[in-house]
Amino acid sequence: MPLTRCTKYLRINPQVPEIHKIRLAARILARGGVVAFPTETVYGLGANALDARAVRRIFRAKGRPQDNPLIVHVANMEMVDDLVAEIPPIAGLLMERFWPGPLTLVLPKSDLVPPEVTAGLDTVGIRMPAHPVALALIKAARLPIAAPSANLSGRPSPTTGHHVLRDLHGRIDAVVDGGPASVGVESTVLDLTTPVPTILRPGGVTLEELQKILGRVELDPAVVSEAGHPRAPGMKYTHYAPQGNLFLVAGDTPKVAARINRLVKSFKAAGLRVGALLTVETAACYRPEIQPDYLEIIGSRNDLGTVAARLFAALHNCDRHRVQIILTETFPEKGLGLAIMNRLRKASAHRIIQA
Ligand code: TXA
Ligand code: MG
């Protein structure tokens, strides 16, 4: 099948999705096509998880490395039963508490799941998304849907239909546009096949929330540092990278604001286009001597939900403004801060400046 084709664009009501649009997208999926759709975390690029050929199209459209497994999205427990060899009791507890929602559980897979989905692993990542459009689509297709984030491999994840189109127009069959994603960072990937449940990727459900249910939870070392061999295959690749070079500036808010001011001046003096992504608190201390070419307020340090929701869109905006240098701050690695910092570390290739 040729890679370039006409991408159907379907604008949909995110709360009450129009059924004829859902059916149209579901038919494309049932015929082996690839369709981008909104979830509460980020947009996914979906295909029938039980059809190896359809799944291979996802990898081709994204330019995704073959050894990086996909998350399978379900709309009910019957689908889960078909996909896994067994459901351990703690998995049942977690599903009850966090599904539908931003939690992916890694479980032993059943024979029904093709190796293309799991990149040959004997486990499968499963999640039930909490978005009316995603749930309606999976139900209408009556199929579990394999879906990575709907971006070209290595790029920031898409949180709007337009982000999807910018990366994948002409490479996929359709995009269902349900407006901006509310969570803004991807799901937490939790491995339940290890003796102690292990977070392979921090996300929308926090470590602290999981600890309340599970007691002990481990963090894969690759989550918080460059060192170590990540167990989620996807965590080892370049990720979330905007076109400009991103630098993180760490320290007390007034010092960060002052340091960003000096950095803007020196990068601009070197003839570069510079963007600054600041929280309201840092912006309040920021007295720019020279304005950056692009400035965006990305939420409040006291409400990391706002920062998570805007983070990827802010990186996309920097690309749109063609900035070559992006400066932003760091966050305490607690609550959603763990997922935000994980994405920022990767997007910045671990370039952190102490203010
Ligand atoms: O929120 C999300 O999870 C979004 C939306 C679309 O649901 N999806 C998403 O998929 O972020 P993707 O492919 O961009 O990231 C999936 C991550 C990768 O790091 C992958 O390696 C890991 O989950 N993963 C998937 N299946 C796995 C498995 N069986 N064992 C270990 N890691 C797995
Ligand atoms: Mg991704």
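Here are some friendly notes on this predicted model, point by point.

1. Leaving out residues up to four places away in sequence, Leu-190 touches Leu-94, Leu-103, Thr-104, Leu-105, Val-106, Pro-197, Thr-198, Ile-199, Leu-210, Leu-214 and Val-217. Several of these names come back below.

2. Now to helix H6 itself. Its buried residues are Val-133, Ala-134, Leu-135, Leu-137, Ile-138 and Ala-141. What do the buried residues of H6 pack against? Their partners are the helices H1 (19-30) and H3 (77-83), together with the strands S2 (35-37), S4 (71-73), S7 (145-146) and S8 (174-177). After H6 comes Arg-142, with a positive phi near 55 degrees.

3. Next, a helix pair. Two packed helices are described by the angle between their axes and the distance between the axes. For helix H4 (residues 89-98) and helix H8 (residues 207-214), the axes come within 11 Å and cross at roughly 130 degrees. H4 is therefore oblique to H8, and their crossing is right-handed. On the H4 side, the contact is made by Ile-90, Leu-93, Leu-94, Arg-97 and Phe-98; on the H8 side, by Glu-209, Leu-210, Ile-213 and Leu-214. Sorted by class, this contact of H4 with H8 has seven nonpolar residues, two charged ones and no polar ones.

4. Which peptide bond is cis? The bond joining Trp-99 and Pro-100 is cis, with omega about -10 degrees. Most residues other than glycine have a negative phi, and most peptide bonds are trans.

5. Arg-322 is not a glycine, but has a positive phi of about 50 degrees. Its place is in the loop between H11 and strand S15 (325-329), and Arg-322 counts as exposed because its relative accessibility is 58%. Ala-349, also a residue other than glycine, has a positive phi near 50 degrees. Ala-349 is found in the loop between H12 and strand S16 (352-354) and is partly exposed, with a relative accessible area of 46%.

6. Is Arg-343 buried or exposed? Arg-343, in helix H12 (residues 337-347), counts as buried, because its relative accessibility of 1% is under the 20% cut-off. Setting aside neighbours within four places in sequence, Arg-343 is in contact with Val-185, Glu-186, Ser-187, Arg-201, Pro-202, Gly-203, Tyr-240, Leu-311 and Phe-312.

7. Finally, a look at Asn-302, in the loop between strand S14 (294-297) and helix H11 (304-320). Asn-302 is exposed, with a relative accessible area of 70%. Its C-alpha atom is 9.6 Å from that of Val-280, a residue 22 places away along the chain.

Definitions and conventions: Residues are numbered from 1 along each chain as its sequence is written. Chains are lettered from A and ligands numbered from 1 in the order in which they are written. This is a predicted model: local features need pLDDT of at least 70, side-chain atom pairs count only at pLDDT 80 or more; totals for chains, interfaces and linings use all residues. Side-chain values use heavy atoms; hydrogens and water are left out. Helices (H or I, at least four residues) and strands (E, at least two) are DSSP runs, numbered from the N terminus. Buried means under 20% relative accessible area, exposed over 50%, partly exposed in between (1.4 Å probe, protein chains only). Contact means heavy atoms within 4.5 Å. Axes are lines fitted to C-alpha atoms, for helices over the stretch in contact, and angles run from 0 to 180 degrees between N-to-C directions. Angles under 35 degrees count as roughly parallel, over 145 as roughly antiparallel, 65 to 115 as roughly perpendicular and the rest as oblique. A crossing is left-handed if the near helix is turned anticlockwise from the far one by less than a right angle, and right-handed if clockwise. Ala, Val, Leu, Ile, Met, Phe, Trp, Tyr, Cys and Pro count as nonpolar, Asp, Glu, Lys and Arg as charged, and the others, Gly among them, as polar.
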